[in-house]
Amino acid sequence: MIVAGRRIQLEARLVTPKWLAFVVPVLSIVVALVIGAVFLLATGHAPLRAYADLLDNGYTSFYGITDTLGLATPLICTGLAAAFAFRMNLYNIGEEGQLYLGMIGSAWAGIALAGALPKVVAIPVVLVAGACSGALWVAVPAFLRARLGTSEIVSTLLLNYVALNLVNYFIFGSRGFFRDPTTSFPQGRTVEPSVRLGALSFFTDKRTNTYPTLFIAILLAAALYWLIKRSNYGYETAVFADSPSTARYAGMNAMWLQSSVLLVSGAIAGVGGAMYVIGPAGKVDPGLLQIGMGYAGIVVAALARYNFLAVILTAILFGGLRVGGAALQASSDPVPIAIAVVLQGSVLLLALGGEIFRRNRLRVVKVSVS
Amino acid sequence: MNANAWLLTFSDAISIATTLILASLGAILTERSGVINLGVEGMLLMGAVSGFLVANSTGNLWLALFVAVLVGVVLATVHAALTVSLRSNQIVSGLAMVIFGTGLANFLGKPVEGRPRPVVILDVDFGPLSDIPFIGPVVFGHDVFTYLTWVIAAILSFYLHRTRPGLVLRATGDAPATVDAQGASVTRIRYAHTIAGGALMCFAGAWFMFARGVAWNQAATTNGIGWIALALVVFASWRPLRAIIGAVLFGFSLQVPFTLQSQQIRILPPEIVAMFPYVVTLAVLVALSTPRARRLLGAPKMLGQPFVRDER
């Protein structure tokens, strides 16, 4: 681009300064808040008061932060699922559907099997059932991608709508296994108490919405971090991500790498669904499905730049946005909760644009007009 | 089920197809230049809500459609700036557009949620032609934009395959370096077509609102049509006229669940029937993935690849 006799150009940086890794996300969030403020002003809300409420209800009060941690728990899972696939340029955007399936699979295990097992065995069994059903839901797109090269983007996304209707069918459309038989009100059948974990109280006598599944999610993040940084498999995926032809030349099995990464990604999202069953919901609950955890997970992963440990932080950040947003909607000056999604989208767009300045620097060069 | 209901299904399928055609024409223009814009779903919603809001306060259909197109231009410019100038990941930028567009549409639409549409686009009166059995209501029972959409598809087909700028556009998607060497600006071509595509997508959303939507309702306004339009691009093998055929097929699959429900026919539970359009789309995508079909498709070769002159 040439402005006033000077060319503005991007030049690749040889070394990325460490401070930029923090400045870019922070600046993205600040500018996103400004964009949100414009829309708040335009619709007749006071932005500063709304943001102060958001901060208080989402992060700084006791119930605010515990609600946020509770909401962040499945969000960490969908974020990890997205990060695991996206970093290998496999765009699994079906976390939403895989999460629903995880909920169905784990509820099945929680109702059918777990009554016979002690708690320490039953809970892992339920989590694994959720993981398996999440992986199963991505199996068809994964096979198509690895075998025929079909774009996984549209196929995983289309399955989200199928999964949503499947859950609705189990709860509203049929009187089957997953529906509570004791009442005519359409709701899920509660799983055995032995597969449920109680909420954390953080050394107070208050009942919070944070569940011990939070620690499982954090452990999962650490395990994935290890897998990618230290294991042979992680190395192969990294090579494949950088250059598929190099990976093939080095004798790595491209089909196995692509399909296994997608399956693992689906399994992680499925675990997120299982965490609802173990924790707050205790059943297949369509009411929980309207909040778009899967799509939010993609934003979380992208903002964390597909780093599994950073996903934990960004998930908590976005969980707070959602919790604070819900409080705003219920306040005396109701702001639609969609403001949380507007902020999410803006942050992602800005972070994406900011990425280029992390890798390149702007240079202004004088050009002689010939 | 009576014959009349089937007639209505065909007629409605063609009308849903109009949205699909407009949206996928937008995507075809964008992708032919080598840029993927996955944000169709968000663009449709933004077009729908901005059109609705303008019509709600002014009652002017033309102004509403104009503003919707303008919104499309703005959103697509952001996408083009991110992906063409800043070379960001096109997939992630498109997804961000979906999230941003959906969020903003729901935010702006919240105060008017459930309010009926302020203006209605009337059907064209073809006089005696609409009395022809079957063909009359199915072909001659639509509004002016439905026919305009077919004309746009024909014009774009001519543009892509029979004009010089169209040739340059196709070359930009296949071999941007060659276009650059010929002295044309890859950046300018990509911007122009991404923006034109975005305008078409938002127009599609606004039209859908006025012609098909009963009231503004965030959850049910587009319901995944944007994603089906993206699958349609593959089905149409990036050719505008083929998009019409595919759109009628997908439009029919989207309409069948509604027809079955309104006729109170219960072959399968309604939740299972509601999966139908998505499963059909997926099945079509799978069928198109066989090696033989892929050879015939001809996707732009450098689709999704940013062009950087120094790195050639």
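**Entry 1: confidence**

I then asked which element of chain A has the lowest confidence. That is strand 1 (residues 2-3), at a mean of 64, while confidence is highest in helix 7 (residues 213-230), at 95. A reminder to myself: where pLDDT is low, the predicted coordinates should not be read in detail.

**Entry 2: chain A overall**

I looked up the make-up of chain A and found 13 helices and 3 strands. Its C-alpha trace spans about 85 × 60 × 40 Å along the principal axes. Of its 370 residues, 51% count as buried. Among the contacts in chain A with a separation of 6 or more, 75% link residues 24 or more positions apart.

**Entry 3: chain B overall**

Chain B came next, with 14 helices and 0 strands. Its pattern along the sequence is therefore a run of α elements, α-α-α-α-α-α-α-α-α-α-α-α-α-α. The radius of gyration is 20 Å, close to the 20 Å that the globule rule gives for 312 residues, so chain B is as compact as a globular protein of that length. Its C-alpha atoms fill a box of roughly 65 × 45 × 40 Å along the principal axes. Buried residues make up 50% of the 312 in this chain. For contacts in chain B with a separation of 6 or more, I noted that 81% are between residues 24 or more positions apart.

**Entry 4: where the chains meet**

I turned to the interface, where 38 residues of chain A are in contact with 38 residues of chain B. Which helices of chain A each supply at least two residues of the side that touches chain B? They are helix 5 (119-148), helix 6 (152-173), helix 11 (293-303) and helix 13 (338-359). Helix 13 of chain A gives the largest share, 13 residues. By type, the residues on this side of chain A divide into 26 nonpolar, 11 polar and 1 charged.

**Entry 5: the nonpolar core**

The largest nonpolar core has 219 residues. Leu80(A), Val311(A), Leu20(B) and Leu232(B) are those with the most contacts inside it. Helix 9 (residues 186-211) of chain B supplies the largest share of this core, 16 residues.

I followed up Val311(A). Setting aside residues up to four places away in sequence, I found that Val311(A) touches Ile76(A), Gly79(A), Leu80(A), Ala83(A), Ala221(A), Val300(A), Ala301(A) and Ala304(A).

I checked helix 10 (residues 254-278) of chain A for length. At 1.5 Å a residue its 25 residues should span 36 Å, and its end C-alpha atoms are 36 Å apart, which agrees. Since 21 of its 25 residues are buried, helix 10 of chain A is largely enclosed by the rest of the structure.

Helix 12 (residues 308-330) of chain A got the length check too. Its 23 residues should span 33 Å at 1.5 Å a residue, and the end C-alpha atoms are 33 Å apart, which agrees. Helix 12 of chain A is mostly covered, with 18 of its 23 residues buried.

**Entry 6: Leu303(A)**

Leu303(A) sits in helix 11 of chain A. Is Leu303(A) buried or exposed? It is buried, because 25 other C-beta atoms lie within 10 Å and the cut-off is 20 or more. Beyond its neighbours within four places in sequence, Leu303(A) is in contact with Pro25(A), Thr314(A), Val347(A), Leu348(A) and Ala351(A). I also took the separation of the C-alpha atoms of Leu303(A) and Asn160(A): 23 Å, for residues 143 apart along the chain.

**Entry 7: positive phi**

Most residues other than glycine have a negative phi. Tyr306(A) lies in the loop between helix 11 and helix 12 of chain A. It is buried, with 20 other C-beta atoms within 10 Å.

Ser237(B) has a positive phi as well, near 45 degrees. Its place is the loop between helix 10 (225-235) and helix 11 (240-262) of chain B. With 17 C-beta neighbours inside 10 Å, Ser237(B) counts as partly exposed.

Notes:
Residues are numbered from 1 along each chain as its sequence is written. Chains are lettered from A and ligands numbered from 1 in the order in which they are written. This is a predicted model: local features need pLDDT of at least 70, side-chain atom pairs count only at pLDDT 80 or more; totals for chains, interfaces and linings use all residues. Two residues are in contact if their C-beta atoms, placed from the backbone, lie within 7 Å. Helices (H or I, at least four residues) and strands (E, at least two) are DSSP runs, numbered from the N terminus. Ala, Val, Leu, Ile, Met, Phe, Trp, Tyr, Cys and Pro count as nonpolar, Asp, Glu, Lys and Arg as charged, and the others, Gly among them, as polar. A residue is buried if 20 or more other C-beta atoms lie within 10 Å of its own, exposed if 12 or fewer, and partly exposed in between; C-beta atoms are placed from the backbone. pLDDT is the predictor's confidence in each residue, from 0 to 100. The radius of gyration is taken over C-alpha atoms; the globule rule is 2.2 Å times the number of residues to the power 0.38. The expected span of a helix is 1.5 Å times one less than its number of residues. A nonpolar core is a set of buried Ala, Val, Leu, Ile, Met, Phe, Trp, Tyr and Cys residues joined through C-beta atoms within 7 Å.
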